[in-house]
Amino acid sequence: MILVDTSVWIDWSNDKALPVSVELDRLLAADEVATTDIILAEVLQGARTKSLFDDWLDILDALHYL
């Protein structure tokens with residue numbers, strides 16, 4: 001299980017070709033990603049639209065919660 005920090009989520013959403021983004025895609029496919037309430041709040045706070053907020057919530061809500 002890997003706890004993915006907010007900065008990684010931002011990089012992942014901005015550039016899927018970054019090595020960290022490729023690794024996160026692999027971890028997500030393997031169901032090896034976890035989150036916490038603080039990371040959830042930080043990522044959702046950065047959503048600029050309701051649609052983006054909902055998309056992020058769907059992604060993060062599917063993760064393991066620590």
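Figure 1. Helices (H or I, at least four residues) and strands (E, at least two) are DSSP runs, numbered from the N terminus. The model is predicted: local features need pLDDT of at least 70, side-chain atom pairs count only at pLDDT 80 or more, and totals for chains, interfaces and linings use all residues. Residues are numbered from 1 along each chain as its sequence is written, and side-chain values use heavy atoms, with hydrogens and water left out.

Figure 2. Ser-21, Leu-24 and Leu-27 are the buried residues of α2. They cover an arc of only 120 degrees around the axis, and therefore lie on the same side of α2. The arc is that of the directions from the helix axis to the C-beta atoms. Buried stands for under 20% relative accessible area, exposed for over 50%, and partly exposed for values in between (1.4 Å probe, protein chains only). Pro-19 and Ala-29 are exposed on the other side of α2. The cover over the buried residues of α2 includes β1, α1 and β2, where contact means heavy atoms within 4.5 Å.

Figure 3. Arg-26 and Glu-23 join their side chains in a salt bridge, 2.6 Å from N to O. A salt bridge is a side-chain nitrogen of Lys or Arg within 4 Å of a carboxyl oxygen of Asp or Glu; by this rule the count is two. Both Arg-26 and Glu-23 belong to helix α2 (residues 19-29) and are three residues apart, about one turn of the helix. An α-helix has 3.6 residues a turn, so residues three or four places apart point the same way. Arg-26 has a relative accessible area of 48% and is therefore partly exposed. Glu-23 is partly exposed because its relative accessibility is 35%.

Figure 4. Lys-50 and Asp-54 form a salt bridge in which the closest N and O atoms are 2.8 Å apart. The two residues are four residues apart in helix α4, so about one helical turn separates Lys-50 from Asp-54. Lys-50 counts as exposed because its relative accessibility is 59%. Asp-54, at 29% relative accessibility, counts as partly exposed.

**Figure 5. An aromatic cluster of three tryptophans.** Trp-9, Trp-12 and Trp-56 form one aromatic cluster. The structure holds three aromatic pairs. In one of them, the ring centres of Trp-9 and Trp-12 are 5.4 Å apart and the planes stand at 90 degrees, so this pair is edge-to-face. Rings of Phe, Tyr and Trp (its six-membered ring) pair if their centres lie within 6.5 Å; planes under 30 degrees apart count as stacked, over 60 as edge-to-face and the rest as tilted. Trp-9 and Trp-12 both lie in helix α1 (residues 6-14), three residues apart. Trp-9 and Trp-56 also form an edge-to-face pair, with 5.9 Å from centre to centre and 90 degrees between the planes. This pair links distant parts of the chain, 47 residues apart: Trp-9 is in helix α1 and Trp-56 in helix α4 (residues 50-61). Trp-9 counts as buried because its relative accessibility is 0%. Trp-56 is buried, with a relative accessible area of 8%.

**Figure 6. The open sheet.** Three strands form an open sheet in the order β1-β2-β3, with parallel pairing. β1 (2-3) and β3 (64-65) are the edge strands, each pairing on one side only. Two strands pair if DSSP finds at least two bridges between them. β1 pairs with strand β2 (residues 33-35) in the parallel sense over two bridges. Val-33 in β2 is the bridge partner of Ile-2.
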